[in-house]
Amino acid sequence: DGWSRVSLTTELYRYYETLLAGEAVIPVATDWTYRDFVKLENETIADPEAEIFFKETLDAVPTRQLIISAINLETESKQEHYIVDSFKQYSKGLIQLAKQLGVPLQSLLLAGHFKVLSLMSGEESASSAVTVNGRPEQEGAEQSLGLYLNSLPLAASLAPCSWKELIEKVYDIYRKGMAYRRYPLSVIQQSLGQDYGEVSFNYTHFHALDSVKESVEEQGVEVLGGSGYEQTNFDLVVDFSRYTDTNSIGLSLTFDLANYEREYIESIGELYVRVYQSLLADLAASHQSRSLLPEYEVRYLTE
């Protein structure tokens, strides 16, 4: 997973620095953390309360909320990325607001995410898979390498309330879901007979990279850049990344070109910006106080 990649990078740089200094590398003890994670995952699967929670949470919520493009039906499946550049300017306000409300930034962003999906579907509820981390809460677990991620389908009601109330409601949903974060998506889908592979929400903040950057700079090593590749089965991945160097938040949308036209994804990106604009403008106002859809979308829905 992403955190493991960062941990591995950190470890490699530190070993490299040690060798440059002519010092011996200290042997690392065998890590059994992943075995502990598998044990915890099996315990969650065996917990009947987990199945009950997801049945109640996901009861009668939409699983398809976006419009599949008929034009692209013959297009071969291919994932593309769209970076919403204009979103970064709201980073400071969103970070400060999360601190003010005493909620994780992830939950605040998730509230806006559910709002966008509700607007796109026209439904009063929204559902999305949410990327969660199942690492054991034990010493040294943060340095362990492995695939600790799970995609947890969660849902929220977008009934009339203030933005503040919506954020608090989503935070409560997320907090309750975290108790069953190791309940595999595959088991949930088999149990409920539903496919939750339409939309995924992901929030990352790899603050471990701070120590790497400081350390390599001390050694006179210049980081020129980095790149990566990943493939996902989700039709749309909404990825919020908090950057360690600028303390800003980036928003990118990864989508299947066989399902969605790029213009459609760009319009969704614009909608995210308008939603968080409205949220920051008046926290006490109803999230339904004004239309956030572009004019052409309003005309399409009313004609």
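Author: Two strands pair if DSSP finds at least two bridges between them. In this predicted model, S5 and strand S6 (residues 249-256) are joined by 7 bridges in the antiparallel sense. The two strands form a hairpin with 6 residues between them, and Asn247 in the turn has a positive phi of about 55°.

Reader: Which residue of S6 stands opposite Val238?

Author: Val238 stands opposite Leu253 in S6.

Reader: What makes strand S4 a partner of S5?

Author: Pairing requires at least two bridges, and 6 bridges join strand S4 (residues 199-204) to S5. These strands run parallel, with Asn202 opposite Asp239 in S5.

Reader: Why is strand S5 called mostly covered?

Author: A residue counts as buried under 20% relative accessible area, and 7 of the 7 residues of S5 (residues 236-242) are buried. The burial extends to both faces: Leu236, Val238, Phe240 and Arg242 lie on one side, and Val237, Asp239 and Ser241 on the other. In a regular strand the side chains alternate between the two faces of the sheet.

Reader: Why are helices H3 and H7 called roughly perpendicular?

Author: The axes of H3 (residues 48-57) and H7 (residues 185-192) cross at roughly 65° and come within 11 Å. Angles of 65 to 115 degrees count as roughly perpendicular; H3 and H7 are therefore described in that way. Their crossing is right-handed.

Reader: Which residues of H3 and H7 meet?

Author: Glu51, Phe54 and Lys55 in H3 meet Ile188, Ser191 and Leu192 in H7. By class, the residues of this contact comprise 3 nonpolar, 1 polar and 2 charged.

Terms used
Residues numbered from 1 in each chain as written. Predicted model: local features only at pLDDT ≥ 70, side-chain atom pairs only at ≥ 80, totals over all residues. Heavy atoms only, no water. Axes fitted to C-alpha atoms, helices over the stretch in contact; angles between N-to-C directions. Helix = DSSP H or I, 4+ residues; strand = E, 2+ residues; numbered from the N terminus. Parallel < 35°, antiparallel > 145°, perpendicular 65-115°, else oblique. Left-handed = near helix turned anticlockwise from the far one by under 90°. Contact = heavy atoms within 4.5 Å. Nonpolar A, V, L, I, M, F, W, Y, C, P; charged D, E, K, R; others polar. Buried < 20%, exposed > 50% of the residue type's maximum accessible area, 1.4 Å probe, protein only.
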